[in-house]
Amino acid sequence: MCVGNPYSIKWMLSFSISITTTHLWESNYTEYQQYLFNRICKYKEDILTPIGYRKISQILNEEGLKTPRGNVFKNNHIHSIYKKGKIREERINRKDIVEVSVPIIEEIR
């Protein structure tokens, strides 16, 4: 708007922004759950000799570790921790989606 000009023109610019993000909440994993997931990943993703779920459960049981609910490990527990942890990692590391609409410029009379 031009101030002091009797023929001033007012313009309005309007647009919308939409942001989709997964970074608005904190992790609900305990330190122990994260520790177990990291250990399982280390065994499963070893480049030279990846280890199966049953053998990982035997290793963790021999060390005296328990599941987050206090049970002994079985191969299905290892599979579940690994699978759900990978899904969680993908969700946390997902890129934000930012969408900006086409701006509309209007003259206000």
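Which residues in α1 meet which residues in α2?

1. The model is predicted, with local features requiring pLDDT of at least 70 and side-chain atom pairs pLDDT 80 or more, while totals for chains, interfaces and linings use all residues. Residues are numbered from 1 along each chain as its sequence is written, and side-chain values use heavy atoms, without hydrogens and water.

2. R39, I40, Y43 and K44 in α1 meet Y53, I56, I59 and L60 in α2, contact meaning heavy atoms within 4.5 Å. The residues of this contact comprise 6 nonpolar, no polar and 2 charged.

3. Helix α1 spans residues 31–44 and helix α2 residues 53–62; their axes lie 11 Å apart at an angle of about 130°. Axes are lines fitted to C-alpha atoms over the stretch in contact, and angles run from 0 to 180 degrees between N-to-C directions. The two helices are therefore oblique to each other, a class left over once angles under 35 degrees (roughly parallel), over 145 (roughly antiparallel) and 65 to 115 (roughly perpendicular) are set aside.

4. The largest nonpolar core has 13 residues, and I40, I56, L60, L65, F73, I78 and I81 have the most contacts inside it. Such a core joins buried nonpolar residues (Ala, Val, Leu, Ile, Met, Phe, Trp, Tyr and Cys) through side-chain atoms within 4.5 Å; buried means under 20% relative accessible area, exposed over 50%, and partly exposed in between, with a 1.4 Å probe and protein chains only. Helix α1 gives the most to this core, with 5 residues.

5. M12, in strand β1 (residues 10–14), is partly exposed, at 36% relative accessible area. Leaving aside neighbours within four places in sequence, M12 is in contact with I104, I105, E106 and I108.

Conventions:
Helices (H or I, at least four residues) and strands (E, at least two) are DSSP runs, numbered from the N terminus. Ala, Val, Leu, Ile, Met, Phe, Trp, Tyr, Cys and Pro count as nonpolar, Asp, Glu, Lys and Arg as charged, and the others, Gly among them, as polar.
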